[in-house]
Amino acid sequence: MKKFFSSFFNAPWYPIVISAYPVLALLSSNAGQVQSNTGIRPLLVSVAFGALLFFIVWLFFKQVHRAAFLTTLLLTLFFTYGHAYIAVDEKWPDADYAKWLAVVWVILFVLAVLWATRPKWTFVSAAANLNTVALALVIMAAAQIDFSNGMGKVHRVALEKAPIQEDLTLPENPPDVYFFLLDSYGRSDLLYTAYGFDNSAFESQLQERGFYIASCSQSNYVRTEISLGSSLNMAYLQGLDDAFVPESTARRVLWDSLKHNAVRYNFETLGYETVNFASGFAWLEITDVDHFMSPPPASSGMNEFEGLFLRTTLARYAQDLGWVDPDYLMGVSFRDRFTYTFESMDEISTMPQPTFAYMHLISPHPPFVFDPEGNPTYPPDFWNDQRMYPADMYQKGYVNQLQYLNKNMIEAVDTILANSDTPPIIIIQSDHGPWLQPKDKRMRNFTAILMPGHEDVLYPTITPVNIFRVVFNAYFGGKYDILEDVSYFSPVPKLYDFSEIKNPCANGN
């Protein structure tokens with residue numbers, strides 16, 4: 001056995017192993033942002049590319065150890081170029097750096113060839129050490145990746161202090177419950193003062209269908225994950241877990257609490273079927289529900305992680321040459337998920353069993369991929385060379401996308417109402433207001449709630465933390481206290497460093 005391991009580690013297989021590392025490292029650094037299975041194809045392509053390059057270099061030199069060492073140097077140059085490009089672009093955005101960076105890489109290429117071809121060096125003795133280093137890098141990167149993709153339903157709540165109630169009761173004719181989370185959708189008064197956009201027609205259409213519009217609603221928190229963590233767990237984060245302290249930036253506990261939240265737990269305890277849709281962000285996707293709905297592979301043929309990986313390598317020039325456009329492909333993926341969600345409303349609303357369906361729509365949040373009529377738009381048309389949104393272009397893309405979202409929401413509501421034997425509960429809520437606004441105005445979220453026969457429990461200043469408390473109390477015998485409605489701002493990156501933001505509406509202003 002010892003002889004086998006010695007022989008195995010002295011063979012130069014490290015170039016093939018090291019070619020897997022860039023994909024695994026990018027997956028691990030984006031843990032929670034993407035599902036691990038999106039990396040399967042780039043991982044296979046990367047390893048195949050490394051093996052092919054190794055074979056070609058070996059054919060040229062006819063010396064396997066020398067070929068392995070040179071291949072590793074060339075792979076390093078190939079896979080690090082995009083990272084260097086991005087770093088330089090962020091530090092000196094106005095500099096003409098592309099040609100100089102290319103010159104540096106050509107020089108490094110020449111030096112790599114000269115180093116690997118020195119006659120006195122055979123690199124035989126380096127094989128065992130380089131194999132060990134390559135294997136260690138891959139194992140460390142892979143260890144940080146969740147390969148389960150949420151498979152296997154687990155009925156649990158992530159936070160011990162989450163206010164679940166085991167004694168809720170199912171009514172004789174339990175209503176289906178639909179929770180539409182419209183990312184960054186601002187309150188109507190904010191849309192008018194900030195963008196000059198009159199959203200009253202949309203509100204009127206909802207009111208005609210029985211919705212209550214919370215005219216003075218505010219979000220409890222200013223960022224998606226903490227706003228949702230509070231909303232779906234029906235409590236303020238400060239009292240939910242010791243992980244949520246001002247000095248922390250960790251998100252593992254928070255993201256787990258989004259997937260295994262108190263609202264979901266209560267509905268599962270009541271016997272509801274649970275439904276969730278793909279959003280493109282792994283930390284938002286509850287893949288272990290009864291029905292996880294995801295569109296077929298993007299019609300573009302490339303997923304967003306693959307586009308990101310492409311930009312971190314020397315192959316990023318494929319975009320400049322017009323061979324592939326990751327930004328276009330990203331737009332296709334976002335449109336596919338948006339369209340699939342609304343096209344699935346008929347299927348979801350005709351499920352025979354009581355259903356809790358949670359739809360998180362990345363709209364009107366960027367990227368901006370629709371015009372007001374639903375025609376595709378090109379995401380880079382709305383940002384500058386540093387991929388930042390100028391205020392005027394953000395406004396244009398935001399209002400465009402919001403108008404198309406409004407049309408789809410009304411159609412979805414009509415489909416649900418037409419297919420429902422028991423009047424359903426429909427919650428249309430945003431996590432916070434639009435970007436590029438003062439911090440107090442970013443708290444102004446949109447809230448519209450359909451609770452047939454229970455409109456009297458709703459009020460203008462209701463915040464997300466209380467919405468499901470009201471629902472469980474009104475329909476399922478809940479005994480939840482209605483909390484004081486408070487809003488908190490926290491800066492980047494200090495997620496949990498909260499400062500209170502007053503609601504002017506609460507004072508009649």
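Reader: Which residues form one aromatic cluster?
Author: Keep in mind that this is a predicted model. Rings count as paired if their centres lie within 6.5 Å. One cluster of such rings is made up of Phe179, Phe267, Tyr272, Phe356, Tyr358, Phe468, Phe472, Tyr475, Phe476 and Tyr480.

Reader: And how many aromatic pairs does the structure hold?
Author: Pairs are counted over the rings of Phe, Tyr and Trp. For this structure, the count comes to 50.

Reader: Why is the pair of Phe368 and Tyr394 called what it is, and what is that name?
Author: The ring centres of Phe368 and Tyr394 are 5.4 Å apart, and their planes sit at 70°. Planes over 60 degrees apart get their own label. Therefore the pair of Phe368 and Tyr394 is edge-to-face.

Reader: Where in the chain do Phe368 and Tyr394 sit, and how many residues apart?
Author: Phe368 is in the loop between strand 5 (355-361) and helix 17 (391-419), while Tyr394 belongs to helix 17. Both Phe368 and Tyr394 are buried. Their pair links distant parts of the chain, 26 residues apart.

Reader: What about helix 3 and helix 7: roughly parallel or roughly antiparallel?
Author: The axes of helix 3 (residues 21-29) and helix 7 (residues 127-143) come within 8 Å and cross at roughly 30°. Angles under 35 degrees fall in one class, so helix 3 and helix 7 are roughly parallel.

Reader: Which residues make that contact?
Author: Helix 3 passes helix 7 in a left-handed crossing. From helix 3 come Tyr21, Leu24, Ala25 and Ser28, and from helix 7 come Leu137, Val138, Ala141 and Ala142.

How values were computed
Residues are numbered from 1 along each chain as its sequence is written. This is a predicted model: local features need pLDDT of at least 70, side-chain atom pairs count only at pLDDT 80 or more; totals for chains, interfaces and linings use all residues. Side-chain values use heavy atoms; hydrogens and water are left out. Axes are lines fitted to C-alpha atoms, for helices over the stretch in contact, and angles run from 0 to 180 degrees between N-to-C directions. Helices (H or I, at least four residues) and strands (E, at least two) are DSSP runs, numbered from the N terminus. Angles under 35 degrees count as roughly parallel, over 145 as roughly antiparallel, 65 to 115 as roughly perpendicular and the rest as oblique. A crossing is left-handed if the near helix is turned anticlockwise from the far one by less than a right angle, and right-handed if clockwise. Contact means heavy atoms within 4.5 Å. Rings of Phe, Tyr and Trp (its six-membered ring) pair if their centres lie within 6.5 Å; planes under 30 degrees apart count as stacked, over 60 as edge-to-face and the rest as tilted. Buried means under 20% relative accessible area, exposed over 50%, partly exposed in between (1.4 Å probe, protein chains only).
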